[in-house]
Amino acid sequence: MNKYMISKRIKGSFLRLCAIVAPLLWGGVGGGLLTSCSDFLDILPMNEVVLENFWTEKADVTSVMNSCYESLESSDALVRMGVWGELRSDNLRGGANVPNNINEILKENLLPSNDMCNWAKFYEVINRCNTVCYYAPKVQAIDPNYTEDEMKANVAEAVALRSLAYFYLVRTFRDVPYSTQPSIDDTQTYILPATPFNDVVDSLIVDLERVKNDAVRRYYVDESSNAYVNSSRITRWAIYALLADLYLWRGEWDNAIRCCDVVIDFKRQQYQEMVERDGQVNNIDLIDSIPMILEKPVGSTRCGNAYGEIFGDGNSFESIFELYYSTRQSQTNNWVSSYYEDGRLSCPDFIAKDVATGSNTLFKRTDGRAYESTRLDNSRYSIMKYVYYTVSYSTQNVSTDKDLNLMASSSSGSGSNWIFYRLSDMILIKAEALIERNQEGDLDEAFKLIDIVNKRANDAVNGTRSSTLKASDYTDSQAAMEQLVLEERQREFLFEGKRWFDLVRFARRDGNNRRLVDLATRKLLENVNAIKIKLADPNIIYFPYSKNELKVNPLLVQNPAFTNGEDSELTR
């Protein structure tokens, strides 16, 4: 059975079928599901069994568990992850043939009628996960082949995916309807008010802490060099990574550090196992005690290896959790293929221009992340991260772009995986938490962590060259260290759907939008002052609730930054 298909044994009444195949969700989400349910009813009988007869064996749980991933991998979800996490930041500018809904957001003319405000697919993920959490224990009680450990692992998996979906929602909309109960009963009402941001995050943390040790550590281990391709399903380490991020947003520095250390220690263990099994590997090495994929493997004279393994091949040694599209036919990465590869979005000049000459303010001339992520096409910098499949270049004695002798191959962006968490996330989340905790020695430790990521990118390992960062420039000042970690996150996670969320997190911590405004508006070519004034409103850094959602859910109160204009009558 295809692991991403709902079992065709699901039969029954219309509402009960929708509870599995296309779960009924609260508010306007429910209204958008009838077509999907109808599609299934065209091919499934209406008169044989009811919902309870479906949940009878382990395979039924597996089918619906896999459908949770399918919803998250859908174009509706993935494109919004890119838009919500990246589009309003200083990383992206319009390219060729920009769709109007995207262009309006780029101009900060964001209205509740924009379809990018639609959250339906994320609540579909949530409700499918809620359904697994509800029924898996019932199945385990009647199927002798479904062990308690397997059931707990499935519940942990569902809780993690549900938490990830909610995490996207609160970072985008701030306060959102929150429930962990599935919509499986016709009498249930899912018209819910919004739950405050902090309350949602606190609930997610409690849920994940409860199930983290039930999750699978590895789905398989073998004798090949690919033994660690376990990153496209939720593992214990993916849960710890998500917890670290949640704790960072919540300002619980000790807990964020603790969770990062768990994942980093596991990667050390993985590396040691590889060395014991295969001998010293030439493409991974310890950089100040943390194993990292080298940009230039031992014996090579050219960089680009780390990019190829992380973004080209995917499911690399450093990966913790990513969506898998590489050999999939039913789902494709439409964010990369439609917006990066097709050129609808581009990179602002200040990020990519004059890196090789040494005149760029973000990247040093030896920083491979600039060359791997962008390409000059006529007068515009195209986005190549996830589009390049392989890239090879030299950063020795570089003073012009020609000196790089850059060679690259591209493949269809629709087959590129999408990474949520990798080892660099853990290193930089820990660094940020140390900076904010700011106890004795924390700034020095944070600098060393940031420098590990920076050294790899600049091929400053194994004595090849000195680090491009100097501790004395930063470690005497918490503010300087904050700026450094924010800049390093921009360099490391360029175009990975994180930058706007980073700016929002710092604005929440700062208590004002000044830093966000200064950085986000660097890309603008027109209406700069007007947009700066607009972005000063602390509420406007979040998206408005969808116009359609407000119509069907009277308990939602629109974000006050969006109560004027064409949709104001909806919130009166």
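**Notebook: the cavities**

I started with the lining of the largest cavity, and strand E12 gives the most to it, with four residues. A reminder to myself: this is a predicted model.

Next I looked up which other elements take part. Those that give two or more residues to this lining are helix H9 (148-173), helix H11 (236-250), strand E12 (418-422), helix H17 (423-437) and helix H20 (499-510).

I then asked how much space lies in the largest cavity. I found about 180 Å³. Its lining is made up of 19 residues. Nearest the centre I noted Arg171, Asp245, Phe420, Tyr421 and Lys498.

I also sorted this lining by class. I wrote down ten nonpolar residues, eight charged and one polar.

How many cavities of 30 Å³ or more does the whole structure hold? My search of the whole structure turned up six.

I moved on to the second largest cavity, and its volume is about 120 Å³. Twelve residues line this cavity. I marked Asn230, Trp237, Phe266, Lys267 and Ser319 as the closest to its centre.

Which element has the largest share of the lining of this second cavity? I found that H12 does, with three residues. Helix H12 spans 253-278, and both H12 and strand E6 (319-323) supply at least two residues of the lining.

My last entry is the class count for the second largest cavity. Its lining has five polar, four nonpolar and three charged residues.

Technical notes. Residues numbered from 1 in each chain as written. Predicted model: local features only at pLDDT ≥ 70, side-chain atom pairs only at ≥ 80, totals over all residues. Heavy atoms only, no water. 1 Å grid on protein atoms, 1.4 Å probe; cavity = no way out; pocket = protein on both sides within 12 Å on 5 of 7 lines; lining within 4 Å. Points joined across faces, edges and corners; volume = space filled by probe spheres on them. Nonpolar A, V, L, I, M, F, W, Y, C, P; charged D, E, K, R; others polar.
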